Amino acid sequence: MHHRLIPLAVLAIALLPATAGAQEVFGGVYAHGVDTPFTLDTEETGSADIALGVRFGGIAALDFIGSPEPYVVGSLNTAGDTSFAGVGLAWTLGSGPVYVRPGIGLVVHDGPELRVSEATGFRTDLGSRVLFEPEIGVGYRLSERVSAEAHWMHISQAQIFDGDQNPGLDMIGLRVNVGF
């Protein structure tokens, strides 16, 4: 069970020196293993994830693609299923009270290396230890420093590392962002 803590340990180590330059911290609660058109069944459903992260200011040198904001994120599954930690880039679109925040990242997860469904005989593992992490949130600014988002995160290997299967995991939930 100690291997389940690896993503959070990586996140904690990454956050120690990073919080000084942070623009925003965020945290949320997600339904784990939600069935969507983007995934195949991993048999990981009915539990919750707690995700925490730090977002930094936009990268001015990348203003030609909208000055994306780097982030570090970690997600712990409360039932001992797949947890993960990673880094990515996000864009905040909209300056009014309502905004959209798409992002893309890479994560490392602690799910099983091989898992086969007893019911179907198909593999349900994620196919690679390193996964892509596209995400999108629709948020509302509650104040100058605080916002709330309906948020979706997806992790999968996009059939790049194993063309025969790509179960993936979707997490849908709510998160709160607090700026500095």
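# Questions about a patch, a network and a histidine

Author: Strands β5 and β6 each supply at least two residues of the nonpolar patch. Before your questions, a word on the model: it is predicted, local features need pLDDT of at least 70, side-chain atom pairs count only at pLDDT 80 or more, and totals for chains, interfaces and linings use all residues. Residues are numbered from 1 along each chain as its sequence is written, and side-chain values use heavy atoms, with hydrogens and water left out.

Reader: Which residues make the nonpolar surface patch, and what makes a patch a patch?

Author: Leu93, Val98, Val100, Ile136, Val138, Tyr140 and Leu142 form it, covering about 620 Å². Patch residues must have over 30% relative accessible area and no salt bridge; like charges are joined within 9 Å, and nonpolar side chains (Val, Leu, Ile, Met, Phe, Trp, Tyr) within 5 Å. Areas come from the Shrake-Rupley method with a 1.4 Å probe, and for residues only the protein chains shown count as cover. The element that gives the most is β6, with 3 residues.

Reader: How do you know which strands β5 pairs with?

Author: Two strands pair if DSSP finds at least two bridges between them. Strand β4 (residues 84-90) has 7 bridges to β5, and β5 has 11 bridges to β6, so each pairing passes the cut-off. The β4 and β5 strands run antiparallel, and β5 with β6 is antiparallel too. As examples, glycine 86 has valine 107 of β5 as its bridge partner, while valine 98 stands opposite tyrosine 140 in β6.

Reader: Which residues of β5 are on its covered face, and which on its uncovered face?

Author: Tyr99, Arg101, Gly103, Gly105, Val107 and His109 are on the covered face, whereas Val98, Val100, Pro102, Ile104, Leu106 and Val108 are on the uncovered one. In a regular strand the side chains alternate between the two faces of the sheet.

Reader: Why is the link between arginine 101 and glutamate 69 called a salt bridge?

Author: A salt bridge needs a side-chain nitrogen of Lys or Arg within 4 Å of a carboxyl oxygen of Asp or Glu. Here the N to O distance is 4.0 Å, so the pair qualifies. Arginine 101 lies in β5 and glutamate 69 in strand β3 (residues 69-77), so the bridge ties together parts that are 32 residues apart in sequence. Both of these residues are buried.

Reader: What other salt bridges does arginine 175 show us?

Author: Arginine 175 meets glutamate 135 at 3.6 Å, N to O. This pair links distant parts of the chain, with arginine 175 in strand β8 (residues 169-179) and glutamate 135 in strand β6 (residues 130-141), 40 residues apart. Glutamate 149 also forms a salt bridge with arginine 175, with the closest N and O atoms 3.0 Å apart. Glutamate 149 is in strand β7 (residues 146-155), 26 residues from arginine 175. A search of the whole structure finds 8 salt bridges, and Glu24, Arg55, Glu69, Arg101, Glu135, Glu149 and Arg175 are linked in a network of them.

Reader: Why is histidine 32 called buried, and which side chains make polar contacts with it?

Author: Its relative accessibility is 2%, so histidine 32 counts as buried. A polar contact is a pair of N or O atoms within 3.5 Å; within protein, one must be able to donate a hydrogen and the other to accept it, and residues adjacent in sequence count only if both atoms are side-chain atoms. The side chain of histidine 32, in strand β1 (residues 22-32), has such contacts with the side chains of glutamate 44 at 2.6 Å and asparagine 77 at 3.3 Å. Both distances are within 3.5 Å.

Notes
Helices (H or I, at least four residues) and strands (E, at least two) are DSSP runs, numbered from the N terminus. Buried means under 20% relative accessible area, exposed over 50%, partly exposed in between (1.4 Å probe, protein chains only).
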